[in-house]
Amino acid sequence: MEKTNFLYYDRLMIEYKETKHSLVYKANSDLSLYSAGYEECTPGYSYGPTLRSYQLIHFVLNGEGEFRINEHVFHLKAGDAFLIPAGKITYYEASKTNPWSYAWISFIGISSESYLYQIMTSTEDIYVIHGLDTRKYYDSISRIMQLDASLTSHYFEGNSILLHIISMLFSDVDFHEADTNKLSIIDEIKFYFDINYAENLKLKDVADYFGIHQNYLTRAFHEKFGISPKKYLLQLKFKKAARLLATTQLPVSIISNSLGFEDQLAFSRTFKKFYNVSPTDYRSHLKP
């Protein structure tokens, strides 16, 4: 009998999706497998910009490509993995001369974000892990791709393989519980900014979320990083704005709204303070 959960998109891509349990069921579990797959990309093949409602990890097996998330751009090769948190807009593209192939696994559940973020905080680049034996991850993902979603036993086996993959990642990034506990609350807030800067964040709301006073947040952040939290957030926002102006034809109003600004005029004025030129002039200066 043909497996309906095993999807052949073409000769280059195969994806397994667990279909026995509903998305609501999996979202409300502690951790649940969503999908796994493998793809050999054609030269210049791209995906996105898009966002997902689940956590996703790609393991680069061969070749090269580019991964973009927030204001970050990473040039990756075999042995790298890139991490995509739920709700984050990403874009990735295979090299035109040496296109990559990769395997991926995605997962969902109440603890899924926490597990992924713990891995991210243990890496230098947050969204990327370098120097992995990605073939061992491919071997585990290949086992998932042989499962039959109509069998309850295979549902549990798929989740056991997911747990094994996450266990290997925690080991490979040398995650230490004690080190995580030593992170100061200001480190946690900086990481929160790095992940959520595109939202309309207010310092008082962030301070309340972390259970501290806004004045303490401002003072401690500046003492540790040499910049005020407000200016740090603006730097992140305008780095992203500059990239969007340079690489897309999106209207300034859309770029402004996507970065949490309710007032386009305020966005343009503040942008000019950072770059000494308006957003419109910034874009026009880039044209040949």
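## Strand pairing and helix packing in a predicted model

Colleague: Which residue of S7 does Arg68 stand opposite?
Modeller: In this predicted model, Arg68 has its counterpart in strand S7. Strand S6, residues 64-69, pairs with S7 in the antiparallel sense over six bridges. The residue of S7 that stands opposite Arg68 is Val73.

Colleague: Which residue in the hairpin of S6 and S7 takes a positive phi?
Modeller: The hairpin has two residues between strands S6 and S7, and these strands are paired in the antiparallel sense. A positive phi near 50° is taken there by Asn70.

Colleague: Which strands stand at the edges of the open sheet of four strands, and why is one side of each left without a neighbour?
Modeller: The sheet is open, its pairing is antiparallel, and its strands follow the order S4-S9-S6-S7, with a twist that averages 15° from one strand to the next. Each edge strand has a single partner strand, so one side of it is left without a neighbour in the sheet. The edge strands are S4 (46-50) and S7 (72-77).

Colleague: How is H3 oriented relative to H4, roughly parallel or roughly antiparallel?
Modeller: The axes of helix H3 (residues 134-144) and helix H4 (residues 152-172) come within 9 Å and cross at roughly 170°. Angles over 145 degrees count as roughly antiparallel, and therefore H3 is, relative to H4, roughly antiparallel.

Colleague: How many residues of the contact of H3 with H4 are charged?
Modeller: On the H3 side the contact includes Lys136 and Arg143, and these meet residues of H4 that include Glu157 and Asp172. By class, the contact divides into seven nonpolar and three polar residues, and the number of charged ones is four.

Colleague: What is the angle at which H6 and H8 pack?
Modeller: Helix H6 covers residues 185-196 and helix H8 residues 214-225, and their axes lie 10 Å apart. H6 is roughly perpendicular to H8, because the angle between them is about 90°.

Colleague: How many nonpolar residues does the contact of H6 with H8 have?
Modeller: Among the residues that make this contact are Ile186, Ile189 and Phe193 of H6, together with Leu217, Phe221 and Phe225 of H8. The contact has no polar residues and three charged ones, while its nonpolar residues number nine.

Terms used
Residues are numbered from 1 along each chain as its sequence is written. This is a predicted model: local features need pLDDT of at least 70, side-chain atom pairs count only at pLDDT 80 or more; totals for chains, interfaces and linings use all residues. Side-chain values use heavy atoms; hydrogens and water are left out. Axes are lines fitted to C-alpha atoms, for helices over the stretch in contact, and angles run from 0 to 180 degrees between N-to-C directions. Angles under 35 degrees count as roughly parallel, over 145 as roughly antiparallel, 65 to 115 as roughly perpendicular and the rest as oblique. Contact means heavy atoms within 4.5 Å. Ala, Val, Leu, Ile, Met, Phe, Trp, Tyr, Cys and Pro count as nonpolar, Asp, Glu, Lys and Arg as charged, and the others, Gly among them, as polar. Two strands pair if DSSP finds at least two bridges between them.
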